[in-house]
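Keep the 3D view open as you read.

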Amino acid sequence: MRILVTGGCGFIGSAVVRHIIGGTGHSVVNVDSLTYAATLESTAEISSDPRYVHVRADITDGAAMRAVFAAHQPDAVMHLAAESHVDRSIDGPGVFVQTNVVGTYTLLDTAREYWSGLDAAGRAAFRFHHVSTDEVFGTLQPGDAPFTESTPYDPRSPYSASKAASDHLVRAWQHTYGLPTFVTNTTNNYGFWHFPEKLIPLVTINAIGGRALPVYGDGANMRDWLFVDDHAEALVLAVERGQPGETYAIGARQPRSNLDVVRAICTVLDDLRPDPAGPHARLIRFVTDRPGHDFRYEIDPSRAEAALGWRARHDFETGIRRTVQWYLDHQDWWTALQARHDSNRRLGVTPAGAAA
């Protein structure tokens, strides 16, 4: 199968690309415009494989997308390209609408035009796999059942609203035009090559440097954590086995509070690289909460596990230890990235238009 992956130099996208080339016989056309959160280093290990090609193009550019489809004739699309940082969406929602909504529309319409020109067997086999988030479902309170495929949408941030809009477009193209699309929703991912603005890489890197470890509010907000390589395996199984019109909620059954996550990172670093100044947890600082911060996300992955024949391999303790060790071993990469992008700067403190 020739798979067109969008955003394949990003965090989750690069894990998908590495898994396809390293663990399957499929080939990859990686369409990535190389925005701030993408890095060519994340695909360097497979970049010389004859089954891999990278095309630098923007998914909002219809002409460029038509050229990619015409040149590479994909059998499936895995659409991962997205703006994904909630704090950035609070400061500047416009780019989220452009990339996540307009970009998805452009890709869908290009795929529909291409799919319509295939023979009957090609149309039947083609798949458009849209990768989304559990944040479209809103927030859970203590005692609420986890999200499932049938949870109503209730997005609360510009980011999650833009992803919800893109999910609806994907389903509309399947219902209206017959394009064989399906959606996967997942919870928080962590692992290798994660841009340093997100919680786990930011805390890990700050702790390595002996800097303050910021925790929003009282740190009680809950997330369900999925190791990115496990997610990549599930996504590739989904493009192989997913059925048009379906939704698959993918999770790891590993809920933790933000404060518990930060403390776990500190414990691992105390073991792997002890700080003469004392335990790393001494660096924890509680900071002003994010505006409209959702309290809890958690997925019940039972249906996806059964449909895909998949279950997450890593428990949180194993995954977080591997992740912290990776950041210790790749300091040259993230220090250069921080220098280019100032990723230590706090974003999303005040909603646009509100008083500081």
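In what order do the strands of the open sheet lie? Seven strands line up as S3-S2-S1-S4-S5-S6-S10, with parallel pairing. Strands here are DSSP runs of E with at least two residues, helices are runs of H or I with at least four residues, and both are numbered from the N terminus; two strands pair if DSSP finds at least two bridges between them. In general, strands of a sheet pair through backbone hydrogen bonds, either parallel or antiparallel.

Before going further, a word on the source: this is a predicted model, in which local features need pLDDT of at least 70 and side-chain atom pairs count only at pLDDT 80 or more, while totals for chains, interfaces and linings use all residues. Residues are numbered from 1 along each chain as its sequence is written, and side-chain values use heavy atoms, leaving out hydrogens and water.

Back to the sheet: strand S3 (52-55) and S10 are its edges, each pairing on one side only. From one strand to the next, the twist averages 20° (axes are lines fitted to C-alpha atoms, for helices over the stretch in contact, and angles run from 0 to 180 degrees between N-to-C directions). S4 pairs with strand S5 (residues 127-133) in the parallel sense over four bridges, and Met78 has His129 in S5 as its bridge partner. Helix H4 (residues 93-116) packs on the sheet, touching S1, S4, S5 and strand S6 (181-186), and its direction makes about 165° with that of S5.

Met78 turns up again in the largest nonpolar core, which has 33 residues; Val16 and Met78 touch the most other members. Such a core is a set of buried Ala, Val, Leu, Ile, Met, Phe, Trp, Tyr and Cys residues joined through side-chain atoms within 4.5 Å, where buried means under 20% relative accessible area (1.4 Å probe, protein chains only). Among the elements giving two or more residues to this core are strand S1 (2-6), helix H1 (11-23) and helix H8 (228-241). H8 supplies the largest share, eight residues. Setting aside neighbours within four places in sequence, Val16 is in contact (heavy atoms within 4.5 Å) with Met78, Leu80, Ala232, Leu235 and Val236. Another core, of 32 residues, lies apart from this one and includes Tyr190 and Phe227.

Finally, look at two loops. Leu34, between strand S2 (27-31) and S3, has a positive phi of about 60° although it is not a glycine. Trp193, between strand S7 (188-190) and helix H7 (199-208), also has a positive phi, near 65°. Trp193 counts as buried because its relative accessibility is 12%.

Note on methods. Buried < 20%, exposed > 50% of the residue type's maximum accessible area, 1.4 Å probe, protein only.
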